[in-house]
Amino acid sequence: MPMRKSAVPCCAPVLDGRLEPASADELAGIFRALGDPGRLRLLSFLASQPNGEACVCNLTEPLGLSQPTVSHHLKVLTDANLLERERRGTWIYYRLRLARLEELCGTLVPPKRLAKAMQRRASGGRE
């Protein structure tokens, strides 16, 4: 007697939401920009400033990096659309692009229903 295949799938269906190739390429570029400790420190330093910005002249000493290195990192982060810059006289001020960072975080946050299921699983099914 032949065995019948079960109509019950072995696992839950894959989520419908997924990155399109162009979006994945763009995000990979951003994550490459974030993949350097010096750049992460720059972002952290800017985020910690009272007004959320700093002049390029104020970034070298606290980070212990040379001016050319800081300039290179700032260019990479600006090209990745994570920073915006504003010239004031002879000085250039940098600040975080908060909307871009929120968008980036949003791509990594699972939907609420999945997050709840993951929390239940992590707690051993207890709520």
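This is a predicted model: local features need pLDDT of at least 70, side-chain atom pairs count only at pLDDT 80 or more; totals for chains, interfaces and linings use all residues.
**Exercise 1. Which residues does G52 touch, not counting residues up to four places away in sequence?**

Residues are numbered from 1 along each chain as its sequence is written, and side-chain values use heavy atoms, with hydrogens and water left out.

*Solution.* 
- Step 1: look for contacts, meaning heavy atoms within 4.5 Å. G52 touches L46, Y94, R95 and L96.
- Step 2: check the separation for R95. G52 and R95 sit 43 residues apart in sequence, yet 5.9 Å apart in space, C-alpha to C-alpha.
- Step 3: With a relative accessible area of 23%, G52 is partly exposed (buried means under 20% relative accessible area, exposed over 50%, partly exposed in between, using a 1.4 Å probe and protein chains only).

**Exercise 2. Work out the strand order of the open sheet and how its strands pair.**

*Solution.* 
- Step 1: write down the order. The three strands run β1-β3-β2, with antiparallel pairing; two strands pair if DSSP finds at least two bridges between them.
- Step 2: pick out the edges. β1 (53–55) and β2 each pair on one side only.
- Step 3: get the turn between neighbours. It averages 25 degrees, direction ignored. For angles, axes are lines fitted to C-alpha atoms, for helices over the stretch in contact, and run from 0 to 180 degrees between N-to-C directions.
- Step 4: take β2 with β3 (residues 91–96). These two share six bridges; R87 faces I92 across the pair, and L83 stands opposite L96.
- Step 5: take β1 with β3. Here there are three bridges, and A54 stands opposite Y94.
- Step 6: α2 (residues 37–48) lies across β1, β2 and β3, at about 90 degrees to β3.
- Step 7: sort the faces of β3. I92, Y94 and L96 are on the covered face, whereas W91, Y93 and R95 are on the uncovered one.

**Exercise 3. Where is N81 found, and what is its phi?**

*Solution.* 
- Step 1: locate N81 in the loop between α4 (67–79) and β2 (83–88).
- Step 2: read the angle. Phi of N81 is near 70 degrees, a positive value in a residue other than glycine.
- Step 3: Most residues other than glycine have a negative phi.
- Step 4: compare a glycine. G89, in the hairpin of β2 and β3 with two residues between the strands, also takes a positive phi near 70 degrees.

**Exercise 4. How many disulfides does the structure hold?**

*Solution.* 
- Step 1: apply the cut-off, a pair of cysteine sulfur atoms within 2.5 Å. The structure holds zero disulfides.
- Step 2: look at two cysteines anyway. C55 is buried, at 1% relative accessibility, whereas C57 is partly exposed at 40%.

Notes
Helices (H or I, at least four residues) and strands (E, at least two) are DSSP runs, numbered from the N terminus.
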